[in-house]
Amino acid sequence: MSAKLGSSANPFVRRGNQYFLRLQRHSLRSSYRNERAYLPPVLVNSLPKSGTHLLTQVVEALPSNKDWGTFLVSSPSLTMREVPARRMEKRIVRLMPGEAAKGHLYWSRVCAAAIHERKVCSLFIYRDPRDVAASEAHYLADMNRWHRMHREYAKLADPADQLLLSIQGLEPQDGARSVVYPNIGQRVSNYLGWLEDPNTVAVRFEDLTDPDKIDGALTRIIDSYIATTQATGGDTVFEVKALVARCRQSINPKRSHTYREGGGREVWRRTFSKEHVRAFKDVAGELLIDLGYERDLDWTV
């Protein structure tokens, strides 16, 4: 598999590699489609900073693991302008047999229907939004200098202010601000439909990093993959336990270009202050309850 071609920390290098893979994809499309027609495409979808690389490593152990550089992004980091769902639909329909695609794809009826009709094994990973905000603040301030929001984070010298930006976002100011960044609650809400989508398996980042829960999460993924393979006409017999073991062994966080020590579950407890807690409850307190991360609004650091 050519997954390593897309692992550079430099987004321009990654995009160049993805372009190279797409050229290969078009030149080999017909022969590859015939050879692996029985394998479904797999889509690794997530909100940014929620475990895209982790779930990608799981998928690397599946038969459908060919990386052709496809990344379905509803709001590209360089423009931050939402791509129409109909355009994303066309890209979903063009996914190849056995292809493992990645994405930060908003839920829409159009895209959900295209995934169902194309018989894509649709996987969605989500994470405690507090950890998303904490991880994002570090990533956009210090790691991704080509993201359109990097300049806004770089203006803030204090990491506490950068974290507050990730929570509260940026509102337009009398038309003068060229960049509008929704708050964390609004950003997460764009993806919530995948949690209810009958053709998508939604897994928690926390479950894939918990030794007591990982096998259950992997089994759900593999069961869905097998069912999708059967729907495409494939008759391959899979040994679920063996495939679970392969997927588990495929996970290595240090292979991610965004990996850093101390990442993982409940990162927010090391970074949130009382001010961050109040701000988060204002914009996404109920969201934590809906996602099952809190029982009420009485949580604190």
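At what angle do H7 and H13 pack, and how far apart are their axes? In this predicted model, H7 and H13 pack at an angle of about 10 degrees, with their axes 9 Å apart. Axes are lines fitted to C-alpha atoms, for helices over the stretch in contact, and angles run from 0 to 180 degrees between N-to-C directions. H7 and H13 are therefore roughly parallel to each other (angles under 35 degrees count as roughly parallel, over 145 as roughly antiparallel, 65 to 115 as roughly perpendicular and the rest as oblique). H7 contributes Ala-160, Leu-163, Leu-164, Ile-167 and Gln-168 to the contact, and H13 contributes Glu-275, His-276, Ala-279, Phe-280 and Val-283. Contact means heavy atoms within 4.5 Å. By class, the residues of this contact are seven nonpolar, two polar and one charged (Ala, Val, Leu, Ile, Met, Phe, Trp, Tyr, Cys and Pro count as nonpolar, Asp, Glu, Lys and Arg as charged, and the others, Gly among them, as polar).

Residues are numbered from 1 along each chain as its sequence is written. The model is predicted, so local features need pLDDT of at least 70 and side-chain atom pairs count only at pLDDT 80 or more, while totals for chains, interfaces and linings use all residues; side-chain values use heavy atoms, without hydrogens and water.

The protein chain has 13 helices and five strands. Helices (H or I, at least four residues) and strands (E, at least two) are DSSP runs, numbered from the N terminus. Of the 301 residues, 51% are buried (under 20% relative accessible area; exposed is over 50%, partly exposed in between; 1.4 Å probe, protein chains only). Among contacts with a separation of 6 or more, 76% join residues 24 or more positions apart.

H7 (residues 159-168) also meets H5 (residues 129-143). Their axes come within 8 Å and cross at roughly 120 degrees. The crossing of H5 and H7 is right-handed (the near helix is turned clockwise from the far one by less than a right angle; anticlockwise is left-handed). Ala-133, Ala-134, Glu-136, Ala-137 and Ala-141 of H5 touch Gln-162, Leu-163, Ser-166 and Ile-167 of H7. Six of these residues are nonpolar, two polar and one charged.

The largest nonpolar core holds 51 residues. Such a core is a set of buried Ala, Val, Leu, Ile, Met, Phe, Trp, Tyr and Cys residues joined through side-chain atoms within 4.5 Å. Ile-92, Met-149, Tyr-153, Ile-167, Trp-194 and Phe-280 touch the most other members. Elements giving two or more residues include H3 (85-93), H4 (109-118), S4 (121-126) and H13 (274-290). H5 supplies the largest share, seven residues. Beyond its neighbours within four places in sequence, Ile-92 contacts Leu-72, Leu-105, Cys-111, Ala-114, Ile-115, Arg-118 and Val-120. A second, separate core of 29 residues includes Leu-39, Ala-100, Leu-218 and Ile-221.

In H4, Val-110, Cys-111, Ala-112, Ala-114, Ile-115 and Arg-118 are buried. Lys-119 lies in the loop between H4 and S4. Lys-119 is not a glycine, yet its phi is positive, about 60 degrees. At 36% relative accessibility, Lys-119 counts as partly exposed. Lys-49 also has a positive phi, near 70 degrees. Lys-49 sits in the loop between S1 (42-46) and H2 (52-59), and at 16% relative accessibility it counts as buried. His-150 is placed in H6 (residues 150-154). At 11% relative accessibility, His-150 counts as buried. The C-alpha atoms of His-150 and Ala-137 are separated by 9.5 Å.
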